[in-house]
Amino acid sequence: MILAITTPKPRRNVELVLLVLALAVGIGASAMVGLNSPAAFDGDFWFQSSLLIVAAFAFHMILRFRAKYADPIILPIVVALNGLGLALIHRMDQPGEDTGNNQLRWTLLAMAVSIVVIWFLKDHRLLRRFTFISLAASAVLLVLPIVPGISAGEVLGASVWIRIGPMTFQPGEIAKITLAIFFAGYLSSNRDLILLAGRKIGPMQLPRFKDLGPMITAWLVSIGILVFQRDLGTSILFFGLFIVIIYVATSRISWVVIGVILILGGGFLASRFFSHVAFRLDSWWNAFTPEVFDRSPGGSGQIVQGLFGMADGGLGGTGLGQGRPDLVPFANSDMIVALIGEELGLIGLFAVVMLYMLLFTRGFRAALGARDAFGKLLACGLSFAIALQCFVVIGGVTRLIPLTGLTTPFLAAGGSSLLANWIIVGLLLMISNTARGPVDTTPSTHAPTEAVQTS
């Protein structure tokens, strides 16, 4: 019997076609915004569109030469979201403001850094060597915003920024990557120890008490961020990232149950002892109460105005440039989802959500295809980080959960978030390149690449 050997297909031509469509989405959105402004199709429009096209195709060519088996769907999705975000941010610029051009500069820088990651990171398994270095880097990044001299102080009630010359940067965005590397490296190496049986309660197998150390540490770090930096969103993001990676590594629901109990317990205590958390919960639960709506700071006016804007958009939206998102505070950053709901309607908002869902599933598919435990956990963790961030943002804007202040990946104004998310894209592309490519039968000098087993 002769067995046929299937040769993997790079699918770069498929990516090229989808990339053209993605650029059409972003540039088309900019054109629609331009039609409703006095300076339609001016020199800036053509220059900015040309830069985006050149950057996207340069990225595509790097993948052809350096990671030809990488997932062909991820790059077009991200370019479409980023291009749409540039159009929406530019649409919100008032005379004298330069937020749109600044976001374009950050986009080009972020894509360049992602290209560097792809070019120099030949194998994602190399990152496993930096497990504890990543932990140390995470600690430094999280402490920087409260270090005198470099801290930018409180910005909108949160101390998460540092000042570098004339610009500010949010190091916590990079910390979510280094923490994911640490969690993936630590759990892929210590999975067997963590799986040692503890007490069994009904159908659920609890871990041993001494194995709870990593989770307690992650919980304390999250509480520390909540207390010292007053950043509820980042706190939820980091702890949720750890819970998901440890669940994928062990396949035990008990870790999720313990994590949820810690989140609920920490949230309850925080709402009792910290006024900024109590205000967030009150403005969510009693958003339409007049005294809560008018309260400053900590009122619900931002949430309610966003809801009214989305209601005004209806099914098809008012059209790009035709709504009144200027009535919503921070419509180009925290509340950009409300801007999409108003001007593109429920249909446009669902289309954006579907793009995000496709991005998550392609990341999880890369995790499933990875042949090593570290790659599986890292791809799953990075994909979930973006997924959780989207859920927290969209849930907060639609009043499903309290508003936290996180940015919508690739859409909202913010260079720190854009840079971190493009680095995540580069890592996911490299992991998918290894997962989809031919099996390397040459002896490896890397750490063992055992697979994550399910039980």
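**A nonpolar core and its helices**

In this predicted model, the largest nonpolar core contains 123 residues, and Phe59, Leu378 and Trp422 are those with the most contacts inside it. Helix H15 (residues 373-397) supplies the largest share of this core, with 15 residues.

Beyond its neighbours within four places in sequence, Trp422 is in contact with Phe59, Leu75, Val78, Val79, Asn82, Ala110, Met111, Ser114 and Phe410.

Helix H16 covers residues 415-436. Of its 22 residues, 20 are buried, so H16 is largely enclosed by the rest of the structure.

Another pairing worth a visit is that of helix H2 (residues 43-66) with helix H4 (residues 99-120), whose axes come within 10 Å and cross at roughly 10°. Because angles under 35 degrees count as roughly parallel, H2 is roughly parallel to H4. On the H2 side, the contact is made by Gln48, Leu51, Ala55, Ala56, Ala58, Phe59, Ile62, Leu63 and Arg66. H4 contributes Asn101, Leu104, Leu108, Met111, Ser114, Ile115, Ile118 and Trp119. Sorted by class, the residues of this contact are 13 nonpolar, 3 polar and 1 charged.

Finally, Asn13 lies in helix H1 (residues 12-35). Asn13 is exposed because its relative accessible area, 54%, is over 50%. The C-alpha atoms of Asn13 and His60 are 9.8 Å apart, while 47 residues separate the two along the chain.

Methods:
Residues are numbered from 1 along each chain as its sequence is written. This is a predicted model: local features need pLDDT of at least 70, side-chain atom pairs count only at pLDDT 80 or more; totals for chains, interfaces and linings use all residues. Side-chain values use heavy atoms; hydrogens and water are left out. Helices (H or I, at least four residues) and strands (E, at least two) are DSSP runs, numbered from the N terminus. The expected span of a helix is 1.5 Å times one less than its number of residues. Buried means under 20% relative accessible area, exposed over 50%, partly exposed in between (1.4 Å probe, protein chains only). Axes are lines fitted to C-alpha atoms, for helices over the stretch in contact, and angles run from 0 to 180 degrees between N-to-C directions. Angles under 35 degrees count as roughly parallel, over 145 as roughly antiparallel, 65 to 115 as roughly perpendicular and the rest as oblique. Contact means heavy atoms within 4.5 Å. Ala, Val, Leu, Ile, Met, Phe, Trp, Tyr, Cys and Pro count as nonpolar, Asp, Glu, Lys and Arg as charged, and the others, Gly among them, as polar. A nonpolar core is a set of buried Ala, Val, Leu, Ile, Met, Phe, Trp, Tyr and Cys residues joined through side-chain atoms within 4.5 Å.
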